[in-house]
Amino acid sequence: ESSGYQRRVRDNKISIFATQKLRLNRKKVFKGHMVAGYACQCNFSPDNSYLISGDADGRCFIWDWKTTKVYKRFKAHDGVCIGCVWLPHETSKIVTCGWDGKIKLWD
């Protein structure tokens, strides 16, 4: 279950905090992407099974929520991939946006 909120810090990881007591969940740290200096968006999949984020190198990362391991990564943009989100009614599709001025739909 992904009850909590995510916080990005300067050491290139996403940390998860419990919302009831604002306590860091040390078992839920998602690494592998490069975001230092950028406010790259991260989001949960509609079923809360995955976490997604862009990075400074234009890649899109998908992590498995349970294991915190990278499930998939791919080159999404020529430059920073600043935002990404799953479509809520077509959950096999992802939308990304980047500093290259493009918005892309991925299936």
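Modeller: The model is a predicted one. The largest pocket holds about 290 Å³ of space. It is lined by 14 residues, and those closest to its centre are Ile 62, Trp 86, Thr 91, Ser 92 and Ile 94.

Colleague: What makes a residue part of the lining of a pocket?

Modeller: A lining residue has an atom within 4 Å of a pocket point. For the largest pocket, 14 residues line the space. β7 gives the most to this lining, with 3 residues.

Colleague: How do you know which classes the lining residues of the largest pocket belong to?

Modeller: Each residue is classed by its type; Ile and Trp count as nonpolar, for example, while residues such as Lys count as charged. By that scheme the lining has 8 nonpolar, 3 polar and 3 charged residues.

Colleague: Trp 86 and Ile 94 are both among the residues closest to the pocket centre. Where does Trp 86 stand relative to β9?

Modeller: Trp 86 stands opposite Ile 94, which is in β9.

Colleague: How do you know that β8 and β9 are paired?

Modeller: Two strands pair if there are at least two bridges between them. β8 and β9, the latter covering residues 94-98, have 5 bridges and run antiparallel. The count of 5 meets the cut-off, so the two strands are called paired.

Colleague: Why are β8 and β10 said to stand at the edges?

Modeller: The open sheet has 3 strands in the order β8-β9-β10, with antiparallel pairing. β8 (81-86) and β10 (103-106) each have a single partner strand, so one side of each has no neighbour in the sheet. From one strand to the next, the twist averages 20°.

Colleague: What is the order of the sheet with 4 strands?

Modeller: That open sheet runs β4-β5-β6-β7, again with antiparallel pairing. Here β4 (42-44) and β7 (70-75) are at the edges; each has a single partner strand, so one side of each lacks a neighbour in the sheet. The twist in this sheet averages 15° from one strand to the next.

Colleague: How many bridges join β5 to its partners β4 and β6?

Modeller: β4 and β5 (residues 50-54) pair over 3 bridges, and Phe 44 has Leu 51 as its bridge partner. β5 is joined to β6 (residues 59-64) by 5 bridges, with Ile 62 in β6 as the bridge partner of Ile 52. Both pairs run antiparallel.

Colleague: Why is β5 called largely enclosed?

Modeller: Buried means under 20% relative accessible area. In β5, 4 of the 5 residues are buried, so the strand is largely enclosed by the rest of the structure.

Colleague: What makes the phi of Asn 48 worth a remark?

Modeller: Most residues other than glycine have a negative phi. Asn 48 is not a glycine, yet its phi is positive, near 60°. Asn 48 lies in the turn of the hairpin of β4 and β5, which has 5 residues between the strands. At a relative accessible area of 34%, Asn 48 falls between the cut-offs of 20% and 50%, so it is called partly exposed.

Colleague: Where is Thr 68, and is it buried or exposed?

Modeller: Thr 68 is in the loop between β6 and β7. Its relative accessibility is 18%, which is under 20%, so Thr 68 counts as buried. Thr 68 also has a positive phi, of about 65°, although it is not a glycine. In the hairpin of β5 and β6, with 4 residues between the strands, Gly 58 has a positive phi near 85°.

Colleague: How do you know that Cys 40 is in no disulfide?

Modeller: A disulfide needs two cysteine sulfur atoms within 2.5 Å. The structure holds 0 disulfides. For Cys 40 the nearest cysteine sulfur is that of Cys 81, at 7.0 Å, so the distance is beyond the cut-off. For Cys 42 the nearest is that of Cys 84, at 7.7 Å, and Cys 42 is in no disulfide either.

Colleague: Why are Cys 40 and Cys 42 called buried?

Modeller: The relative accessible area of Cys 40 is 4%, and that of Cys 42 is 11%. Both values are under 20%, so both residues are buried.

Technical notes
Residues numbered from 1 in each chain as written. Predicted model: local features only at pLDDT ≥ 70, side-chain atom pairs only at ≥ 80, totals over all residues. Heavy atoms only, no water. Axes fitted to C-alpha atoms, helices over the stretch in contact; angles between N-to-C directions. Buried < 20%, exposed > 50% of the residue type's maximum accessible area, 1.4 Å probe, protein only. 1 Å grid on protein atoms, 1.4 Å probe; cavity = no way out; pocket = protein on both sides within 12 Å on 5 of 7 lines; lining within 4 Å. Points joined across faces, edges and corners; volume = space filled by probe spheres on them.
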